2 protein chains.
Amino acid sequence: MFNRELVKGSTSLLVLQLLNERDMYGYELVKEIGRRSNQLLQMKEGSLYPGLHKLEKQEYIEHYWQEQSKGPARKYYRITPEGKKILAERTSEWHRYVRLMNHLIGSSE
Amino acid sequence: MFNRELVKGSTSLLVLQLLNERDMYGYELVKEIGRRSNQLLQMKEGSLYPGLHKLEKQEYIEHYWQEQSKGPARKYYRITPEGKKILAERTSEWHRYVRLMNHLIGSSE
DNA sequence: TTCACCTACCTAGAATCTTTAGGTATATAT
DNA sequence: ATATATACCTAAAGATTCTAGGTAGGTGAA
């Protein structure tokens with residue numbers, strides 16, 4: 001597993017990226033992030049739900065409910081145009097940051 | 001400037017790396033990180049000093065005082081063998097994390 | 001010699017984020 | 001009945017960072 005400190009801060013970027021691919025509900029995001037990372041990234045519900053609420057308050061995402069024929073209703077989230085803008089900015093920030101860190105810790109990877 | 005959230009978590013890695021190159025004192029670390037990053041990374045003293053104290057408590061670094069012929073004395077920090085071990089681990093964690101994130105946000109950079 | 005500024009250390013309190021550790025409810029399988 | 005899985009949620013604790021100071025020694029200009 002990754003050091004907890006290292007993982008901090010990039011969760012909102014990850015969530016925005018996944019919602020940019022398709023609408024998802026919270027529980028699905030937790031599972032999907034685990035699946036895609038081979039369980040290396042285990043986003044806790046206690047982090048994800050408040051995080052989603054914050055992103056929605058910032059109007060980067062919005063939600064709609066969808067009843068299911070079986071099981072509890074799902075609260076789907078959709079990225080907004082503003083969210084796409086932020087995603088693009090954050091992604092390029094991420095790359096700049098990685099390049100800089102790799103430079104500082106003496107790696108060309 | 002980078003998003004504050006993005007920068008979180010890698011400061012101790014950076015500090016250990018710099019101290020692995022040579023002994024430095026706190027104030028020097030602030031300036032050096034700024035200099036090497038072209039002022040993109042501005043480590044605040046309020047973050048650095050408590051961070052150094054924590055690393056020292058974990059016995060990854062240790063300090064010694066050095067009087068100056070002019071100006072205040074300097075508290076130099078030196079990385080310990082344990083610190084070097086942790087640095088190697090954290091560095092490889094960093095690379096693994098970056099590879100994973102780049103995969104998840106769909107980039108080959 | 002007074003004032004501003006730089007070096008060099010430090011911390012308390014606020015803000016933010018994550019985890020822990022629950023809770024509620026629906027549906028299915030044993 | 002009971003366990004398990006889905007699916008939402010939050011309060012409190014823990015960790016880290018920033019804000020916004022403080023202390024002190026030395027330098028340079030007016």
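Begin with H4(B), which gives the most to the surface near DNA strand C, namely 5 residues. Helices (H or I, at least four residues) and strands (E, at least two) are DSSP runs, numbered from the N terminus. This is a predicted model, in which local features need pLDDT of at least 70 and side-chain atom pairs count only at pLDDT 80 or more, while totals for chains, interfaces and linings use all residues. Residues are numbered from 1 along each chain as its sequence is written, chains are lettered from A and ligands numbered from 1 in the order in which they are written, and side-chain values use heavy atoms, with hydrogens and water left out.

**The surface around the DNA**

Next, select the 25 residues around DNA strand C; Gly46(A), Tyr25(B), Tyr27(B), Arg74(B) and Lys75(B) come nearest. A residue is near a molecule or strand if one of its heavy atoms lies within 4 Å of it. Of the atoms of DNA strand C that come within 4 Å of the protein, sugar and phosphate account for 69%.

In Thr11(A), a polar side-chain atom lies 3.3 Å from a phosphate oxygen of DNA strand C, and for His53(B) an N or O atom in the side chain is 3.4 Å from one. A polar contact here is a pair of N or O atoms within 3.5 Å; within protein, one must be able to donate a hydrogen and the other to accept it, and residues adjacent in sequence count only if both atoms are side-chain atoms.

Now colour by element: H4 of chain A, together with helix H3 (26-36), helix H4 (45-57) and strand E3 (74-79) of chain B, each give two or more residues to the surface near DNA strand C.

**The sheet of chain B**

Select the strands of chain B, which form an open sheet of 3 strands in the order E1-E3-E2, with antiparallel pairing. Strand E1 (24-25) and strand E2 (61-66) of chain B each have a single partner strand, so one side of each is left without a neighbour in the sheet. Two strands pair if DSSP finds at least two bridges between them. E2(B) and E3(B) pair over 6 bridges, and Lys75(B) in E3(B) is the bridge partner of Trp65(B). E1(B) and E3(B) pair over 2 bridges, with Met24(B) opposite Tyr77(B).

**Chain A**

Move to chain A, where an open sheet of 3 strands has the order E1-E3-E2. Display Met24(A) with Tyr77(A), its bridge partner in E3(A). Helix H2 (residues 11-21) of chain A packs on the sheet, touching E1, E2 and E3 of chain A, and its direction makes about 90° with that of E3(A). Contact means heavy atoms within 4.5 Å; axes are lines fitted to C-alpha atoms, for helices over the stretch in contact, and angles run from 0 to 180 degrees between N-to-C directions.

Finally, select Gly106(A), which follows H5(A) and has a positive phi, near 70°.
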